[in-house]
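Welcome! Please take a moment with the sequence and the 3D view below, and then we can walk through some of the details together.

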Amino acid sequence: MATAHCSVLLALFSAALLVSTHVEARAFFVFGDSLVDVGNNNYLATTARADAPPYGIDYPTRRATGRFSNGFNIPDLISQNLGQSEAPLPYLSPALNGARLLNGANFASAGVGVLNDTGVQFVNIIRIGQQIQYFLQYQQRVSSLLGPYQTQALVNQALVLITLGGNDFVNNYYLVPFSARSRQFSIQNYVPYVISEYRKVLLRLYEVGARRVLVTGTGPLGCVPAELAQRSRTGECAQDLQQAAGLFNPQLTDMLMSLNSEVGGNVFISANTQLSHYDFISNPQAFGIYIHFTPL
């Protein structure tokens with residue numbers, strides 16, 4: 001059985017993101033899907049949950065927390081690099097109040113995508129439009145503590161992380177054979193459509209105050225364990241999902257460059273997670289990871 005600690009990869013990834021921004025954020029806000037959800041879905045009646053083992057087995061409490069990870073996830077490790085005492089709490093957590101609000105908030109929800117029809121099988125999740133609405137609600141709550149001008153400064157100077165896109169392929173286009181979206185679009189036309197909708201999301205984030213935004217691409221979608229288990233017989237990655245990621249990531253980078261030109265600054269920073277994953281997979285020893293096989 002192969003074992004490895006994904007938290008090491010996340011630590012390296014988070015450090016790379018921080019170096020690329022050359023800024024220090026006073027608060028930290030997170031939007032997106034299961035890769036960055038720290039427990040919002042625990043407060044929802046949904047099947048997209050991470051509230052039982054093996055989730056959390058390497059977390060300090062050894063308990064599942066709602067993170068879709070064996071231990072810390074990307075927001076946790078970025079927060080540690082920022083020097084924060086704790087990662088921003090899930091926005092739906094009753095504990096997010098008072099001074100803790102000033103640390104930021106995590107609005108992410110497992111199962112969501114760029115498109116509103118992504119993840120419909122999970123029923124009750126916080127779609128990206130609602131995440132942004134919660135962000136506005138958050139600002140109103142902070143304004144009652146600090147006043148409107150200081151609240152605007154806190155938001156403008158904050159670090160924002162958004163991770164979306166993978167579910168639009170895994171849990172939408174390729175979810176079932178002949179899905180509604182695959183009948184509507186070829187993959188070559190679907191990717192630009194998702195990118196165009198993502199652009200609207202990012203522009204809306206800018207309109208509500210985000211000024212330092214890290215935008216992650218997708219990893220090698222066809223190589224994730226769930227896809228390998230369902231699609232692979234000899235360990236090969238699913239080529240259709242690999243093709244989708246290969247189309248999506250360069251177009252996302254191009255879109256961010258265009259968006260930065262429109263808003264007049266380097267607001268949106270692209271993080272190429274696919275290349276990071278390939279580096280990790282092809283040479284794990286360079287990252288301190290060793291694969292051990294235990295006979296069955």
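Phe-185 counts as buried, because its relative accessibility of 17% falls under the 20% cut-off. Keep in mind as you look around that this is a predicted model. Tyr-193 has a relative accessible area of 24%, so this residue is partly exposed. The two residues form an aromatic pair: the rings of Phe-185 and Tyr-193 are stacked, at 4.9 Å centre to centre and with 20 degrees between the planes.

How many aromatic pairs does a search of the whole structure find? There are 17 of them. Another one joins Phe-29 and Phe-135, whose ring centres are 5.0 Å apart; their planes meet at 55 degrees, so this pair is tilted. Phe-29 belongs to strand β1 (residues 28–32) and Phe-135 to helix α3 (residues 128–146), so the pair ties together parts that are 106 residues apart in sequence. Phe-29 is buried, at 0% relative accessibility, and Phe-135 is buried too, with a relative accessible area of 0%.

Here are the two pairs side by side:

| Aromatic pair | Centre to centre | Angle between planes | Arrangement |
|---|---|---|---|
| Phe-185 and Tyr-193 | 4.9 Å | 20 degrees | stacked |
| Phe-29 and Phe-135 | 5.0 Å | 55 degrees | tilted |

Phe-29 and Phe-135 also belong to a cluster linked by ring pairs, together with Phe-31, Tyr-91, Phe-107, Tyr-134 and Tyr-138.

Next, have a look at helix α5, which spans residues 166–173. Is this helix mostly covered or mostly open? Helix α5 is mostly covered, with eight of its eight residues buried. Among these buried residues are Gly-166, Asp-168, Phe-169, Val-170 and Tyr-173. Their cover includes the helices α6 (180–184), α7 (187–207), α8 (225–231) and α9 (239–263).

Notes. Residues are numbered from 1 along each chain as its sequence is written. This is a predicted model: local features need pLDDT of at least 70, side-chain atom pairs count only at pLDDT 80 or more; totals for chains, interfaces and linings use all residues. Side-chain values use heavy atoms; hydrogens and water are left out. Rings of Phe, Tyr and Trp (its six-membered ring) pair if their centres lie within 6.5 Å; planes under 30 degrees apart count as stacked, over 60 as edge-to-face and the rest as tilted. Helices (H or I, at least four residues) and strands (E, at least two) are DSSP runs, numbered from the N terminus. Buried means under 20% relative accessible area, exposed over 50%, partly exposed in between (1.4 Å probe, protein chains only). Contact means heavy atoms within 4.5 Å.
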